Amino acid sequence: MARLLTDGEQMMRAGEALPFEMGGWIDTAPFENLLGMVIDEAAGGKAVLRMPFTVKLAQGGGLMHGGAITALADTAVAMAIKSVLPEGTHFATTELTTHFMAPVLEGVVVARATVSRPQGRTFHGEAILADEKGEKIARFSSVFRVARGQGFNE
C-alpha cells in the first residue's frame with residue numbers, strides 16, 4: 001500500500017521526487033488506495049484485484065460509478081503487465097474500452113486480468129469484472145505501451 005510522505009491534497013510537480021512511497025513493484029499507488037483497491041494476486045501475466053463499493057464510489061443514482069469500475073479494470077491489467085516486466089519499467093495505457101453489462105448495487109467488485117505477450121513495446125490486456133455473486137458486470141480491453149529506451153523494440 002502506498003504511503004503518503006506529504007499532504008495528499010498537494011499538487012504534483014514534474015521533476016520533483018515523488019511525494020509517496022510504494023511497498024513494492026507490484027503495489028497500488030495513492031489513487032488506487034483512494035478507491036480501496038486490493039491486489040489479491042499478480043503473477044505470470046495475470047492479476048486479480050478487488051474493490052469494495054463504498055458510498056464515495058456511487059454516482060447520483062446510487063450505482064457504482066463507471067469510472068471507478070474502469071479504474072479497477074485498468075489497474076488490474078497494469079498489475080498483470082507489471083508481473084512480467086522488470087521492476088521500474090515505465091508504461092502507460094494508450095487505449096481502453098469498457099463494455100458495461102450490469103449495474104453494481106452493493107458489495108465487492110473483482111477484476112480478473114490477463115495480458116498478451118508484447119508486440120514490440122505494446123501489450124494488449126483484457127479484464128472481466130464481476131460482482132461478489134459472480135455476475136459479470138463489465139468486460140474491459142486495453143492497449144499499453146512501454147516507454148522508449150527500456151529494451152523493447154518498436
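In these legends, Ala, Val, Leu, Ile, Met, Phe, Trp, Tyr, Cys and Pro count as nonpolar, Asp, Glu, Lys and Arg as charged, and the others, Gly among them, as polar. The structure shown is a predicted model.

**View 1. Lining of the largest pocket.** The largest pocket has a volume of about 560 Å³. Its lining comprises 21 residues, and those closest to the pocket centre are Met22, Trp25, Ala29, Lys82 and Phe91. By class, the lining holds 11 nonpolar, five polar and five charged residues. Helix 2 gives the largest share of this lining, with five residues. At least two lining residues come from each of strand 2 (20-21), helix 2 and strand 5.

**View 2. Lining of the second largest pocket.** This pocket has a volume of about 290 Å³. Among the residues that line the second largest pocket are Leu4, Thr6, Asp7, Gly8, Glu9, Gln10 and Met12. Pro19, Phe20, Pro30, Phe31 and Leu34 also belong to the lining of the second largest pocket. Seven of the lining residues are nonpolar, three are polar and two are charged. Helix 1 (residues 30-35) contributes three residues, the largest share of this lining.

View 3. Six strands form an open sheet with antiparallel pairing, in the order 3-4-6-7-8-5. Strand 3 (38-43) and strand 5 (91-100) are the edge strands, each pairing on one side only. From one strand to the next, the twist averages 15 degrees. Strands of a sheet pair through backbone hydrogen bonds, in either the parallel or the antiparallel sense.

**View 4. Helix 2 across the sheet.** Helix 2 (residues 66-82) lies across strand 3, strand 4 and strand 5, and also across strand 6 (108-115), strand 7 (122-130) and strand 8 (136-146). The helix runs at about 150 degrees to strand 4. Helix 2 also supplies five residues to the lining of the largest pocket shown in View 1.

View 5. Strand 3 pairs with strand 4 (residues 46-52) in the antiparallel sense, over five bridges. Val38 has Arg50 of strand 4 as its bridge partner. For Glu41, the bridge partner in strand 4 is Val48. Two residues lie between the strands of this hairpin, and Gly44 takes a positive phi near 60 degrees. Strand 3 is an edge strand of the sheet and pairs on one side only.

Technical notes:
Residues numbered from 1 in each chain as written. Predicted model: local features only at pLDDT ≥ 70, side-chain atom pairs only at ≥ 80, totals over all residues. Heavy atoms only, no water. Pairing = 2+ DSSP bridges. Helix = DSSP H or I, 4+ residues; strand = E, 2+ residues; numbered from the N terminus. Axes fitted to C-alpha atoms, helices over the stretch in contact; angles between N-to-C directions. Contact = heavy atoms within 4.5 Å. 1 Å grid on protein atoms, 1.4 Å probe; cavity = no way out; pocket = protein on both sides within 12 Å on 5 of 7 lines; lining within 4 Å. Points joined across faces, edges and corners; volume = space filled by probe spheres on them.
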